[in-house]
Amino acid sequence: MFKENRKSIMNVNYFNDYDLFDEALLNEDTIHVWLLDIRKYNGNFLRLSNVLTAEERYRMSRFIHEGDRRRFLVGHSMLRILLSRYLQNSPENILLSTNEYGKLFLPKSDVFFNISHSENMVMLAFVRKMQIGVDIEKIKYLNDYLQIAKNCFLPEESRRIYSYANEDNSMECFYKIWTIKEAYVKACGDGLSKSLKSFVILEDGTVKDYSNDIVYNYYTKQKCGYIYSVVTV
């Protein structure tokens, strides 16, 4: 018998920047997921930059490619803006820390969050009293996705991908498993130190971790050519 995590059912609400509000209520049984298209921010870069700290602006300046700078700017400025709504504090006064693996968190707060980006999309998710991880990927054709699955996934996960006769469905299954695995590793906060083969993605909406004998929930969705996944622990 596997143990279940302490919250088996969560309400997952999806938003974009048009849903911004002055005050946000984040209940304990709710996950807020924000999907942001960086192409919509062409005229707002200076305003968004003013939300960042000096250290964040320096980190942004070190990116060579303009697209990487834009993703960082939109992701981290909107992170601060949204946290300011949840915490009722000004964006620039929010203090963020990182753990030893580089995961951002709010010290002495019960609000947890995570961030991911791919191509033109940035994904942010927020929850109370639970660790959370997210991953978003643009679905692109990969010549070697079956080999990647064989090398990185468990045999039962690879067999699920191989079982599809249609290549599009097979690759979609690959991306789904990949994003859930990335989200789970980020939720655990262990970075690359956690093996992708130490836990299995089940089709019933759960992740079974062999290292602690606990089952966790995942949430995954596909939209506009992207697959994005959320895991809480």
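Guide: Welcome! A pocket here is an open set of grid points with protein on both sides within 12 Å along at least five of seven lines. The model you are looking at is predicted.

Visitor: What volume does the second largest pocket have?
Guide: Its lining is made up of 16 residues, and Asn-16, Leu-35, Met-121, Lys-223 and Cys-224 lie nearest its centre. The volume of the second largest pocket is about 330 Å³.

Visitor: How many residues of the lining of the second largest pocket are charged?
Guide: Several strands take part in this lining: S2, S3 (30-37), S8 (132-138), S11 (214-223) and S12 (226-232) each supply at least two residues. By type, the lining divides into 8 nonpolar and 2 polar residues, while the number of charged ones is 6.

Visitor: Which element gives the most to the lining of the largest pocket?
Guide: The largest pocket has a volume of about 730 Å³. Of its 27 lining residues, Gly-102, Lys-103, Asn-114, Ile-115 and Lys-186 are the closest to its centre. Helix H3 (66-87), strand S6 (111-118) and helix H6 (167-188) each supply at least two residues of the lining. With 5 residues, the element that gives the most is S6.

Visitor: Is Asn-11 buried, partly exposed or exposed?
Guide: Asn-11 lies in strand S2, residues 11-15, and touches Asp-29, Thr-30 and Ile-31, leaving aside residues up to four places away in sequence. Buried means under 20% relative accessible area and exposed means over 50%. Asn-11 has a relative accessible area of 40%, so it is partly exposed.

Visitor: How many Å apart in space are Asn-11 and Glu-66?
Guide: In sequence, 55 residues separate Asn-11 and Glu-66. From C-alpha to C-alpha, the distance between Asn-11 and Glu-66 is 36 Å.

Technical notes:
Residues numbered from 1 in each chain as written. Predicted model: local features only at pLDDT ≥ 70, side-chain atom pairs only at ≥ 80, totals over all residues. Heavy atoms only, no water. Helix = DSSP H or I, 4+ residues; strand = E, 2+ residues; numbered from the N terminus. Buried < 20%, exposed > 50% of the residue type's maximum accessible area, 1.4 Å probe, protein only. Contact = heavy atoms within 4.5 Å. 1 Å grid on protein atoms, 1.4 Å probe; cavity = no way out; pocket = protein on both sides within 12 Å on 5 of 7 lines; lining within 4 Å. Points joined across faces, edges and corners; volume = space filled by probe spheres on them. Nonpolar A, V, L, I, M, F, W, Y, C, P; charged D, E, K, R; others polar.
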